Amino acid sequence: MGSEKPAQRWAALARDTNETKIQLALNLDGGDFPPDTDARLLASVAADSHASQSSKSQTISVNTGIGFLDHMLHALAKHAGWSLALACKGDLHIDDHHTAEDCCIALGYAFSQALGGASGLARFGSAYAPLDEALSRAVVDLSNRPYSVVELGLRREKIGDLSCEMVPHCLQSFAQAARITLHVDCLRGENDHHRAESAFKALAVAVRTATTRVPGKEGEVPSTKGTLSV
């Protein structure tokens, strides 16, 4: 008998509030988007944007209205191996907080839904990522216990139109909604753009490692407790 094809690890959502309107589709293994992807999002994927990329294995399109956030989420998706489409219309006339926070909450929730649990997976992942003089480290546990420690040492007020205080908050919001334990540290670097981008790239590689299916461990929960559901 042939082995069963692994289940699709994907999710789509639309999240509308008085502050933001978000459509998102995520496939943790790259490739196609789920069949229930919002039609508004599919239309935006077809349009060109500065944070879009298409290859035989991935489709990425990010438009949050905040250019540097688009750049960071594009890098995260690319190096994690995801296909990601995200469109947001937020209350940027107020500031960047609601838009940045809500996009990362939505992404974390979609990640949790797409993952479906840690059975058969590596569970832990860690990575270093350099960007010129900057070096960051990320460590991930698919623990179902949301917790994050993020130390990036950013000094500027803003990078582009994204407040530097929102960069760690975005990572914290993602970890909370994704229900993962996350530690991200920028170990060195002079340029805040480089420090932030190396952090997102390190997170991407750590997540890719943690979500890897382990041959021969199908259906096994990677925990001495026998469960990660509670």
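Author: Glycine 30 sits in the loop between strand 2 (20-27) and helix 1 (39-46). Helices (DSSP runs of H or I, at least four residues) and strands (runs of E, at least two) are numbered from the N terminus. This is a predicted model, in which local features need pLDDT of at least 70 and side-chain atom pairs count only at pLDDT 80 or more, while totals for chains, interfaces and linings use all residues. Residues are numbered from 1 along each chain as its sequence is written, and side-chain values use heavy atoms, with hydrogens and water left out.

Reader: Why is glycine 30 called buried?

Author: Its relative accessible area is 5%. Buried means under 20%, exposed over 50%, and partly exposed in between (1.4 Å probe, protein chains only). Glycine 30 therefore counts as buried.

Reader: What does glycine 30 touch, not counting residues up to four places away in sequence?

Author: Ser57, Gly81, Trp82 and Ser83. Contact means heavy atoms within 4.5 Å. Threonine 99 is 69 residues from glycine 30 along the chain, and their C-alpha atoms are separated by 25 Å.

Reader: Which residues touch the most other members of the largest nonpolar core?

Author: Leu24, Trp82 and Phe111, out of 63 residues in that core. A nonpolar core is a set of buried Ala, Val, Leu, Ile, Met, Phe, Trp, Tyr and Cys residues joined through side-chain atoms within 4.5 Å. A further core of five residues lies apart from this one, with Ala25, Leu41, Ala85 and Ala87 among them. Beyond four places in sequence, the contacts of tryptophan 82 include Leu26, Leu28, Ile60, Leu107, Phe111 and Phe174.

Reader: How do you know that the span of helix 4 agrees with its 13 residues?

Author: The expected span is 1.5 Å times one less than the number of residues. For helix 4 (residues 166-178) that gives 18 Å, and the end C-alpha atoms are 18 Å apart, so the two agree.

Reader: What makes helix 4 largely enclosed by the rest of the structure?

Author: Ten of its 13 residues are buried, so the label holds. Among them are Met166, Cys170, Leu171, Phe174 and Ala178. The buried residues of helix 4 pack against helix 2 (67-80), helix 3 (97-115), strand 8 (147-151), strand 10 (162-163), strand 11 (181-188) and helix 5 (192-210).

Reader: What makes a space a cavity, not a pocket?

Author: The way out. On a 1 Å grid over the protein atoms alone, a cavity is a set of points where a 1.4 Å probe fits but cannot get out; a pocket is an open set with protein on both sides within 12 Å along at least five of seven lines; lining residues have an atom within 4 Å of a point. Points are joined across faces, edges and corners, and a volume is the space filled by probe spheres set on them. The structure holds one cavity of 30 Å³ or more. The largest cavity has a volume of about 30 Å³.

Reader: How does the lining of the largest cavity divide by class?

Author: Eight nonpolar, no polar and no charged residues. Ala, Val, Leu, Ile, Met, Phe, Trp, Tyr, Cys and Pro count as nonpolar, Asp, Glu, Lys and Arg as charged, and the others, Gly among them, as polar. The lining is Leu73, Leu76, Cys104, Leu107, Cys170, Leu171, Phe174 and Phe200. Helix 4 gives the largest share, three residues.

Reader: What lines the largest pocket?

Author: This pocket holds about 310 Å³ of space. It is lined by 16 residues, with Pro6, Ser119, Leu121, Arg213 and Glu218 closest to its centre. The lining has seven nonpolar, five polar and four charged residues.

Reader: Why does glutamate 197 count as buried?

Author: Its relative accessibility is 8%, so it counts as buried. Glutamate 197 is in helix 5. It touches His71, Met72 and Leu131, leaving out residues up to four places away.

Reader: What is the phi of aspartate 132?

Author: Near 55°, a positive value in a residue other than glycine. Most residues other than glycine have a negative phi. Aspartate 132 lies in the loop between strand 6 (124-131) and strand 7 (134-141). At 65% relative accessible area, it is exposed. Asparagine 144 has a positive phi near 65°. Asparagine 144 is partly exposed, at 22%.
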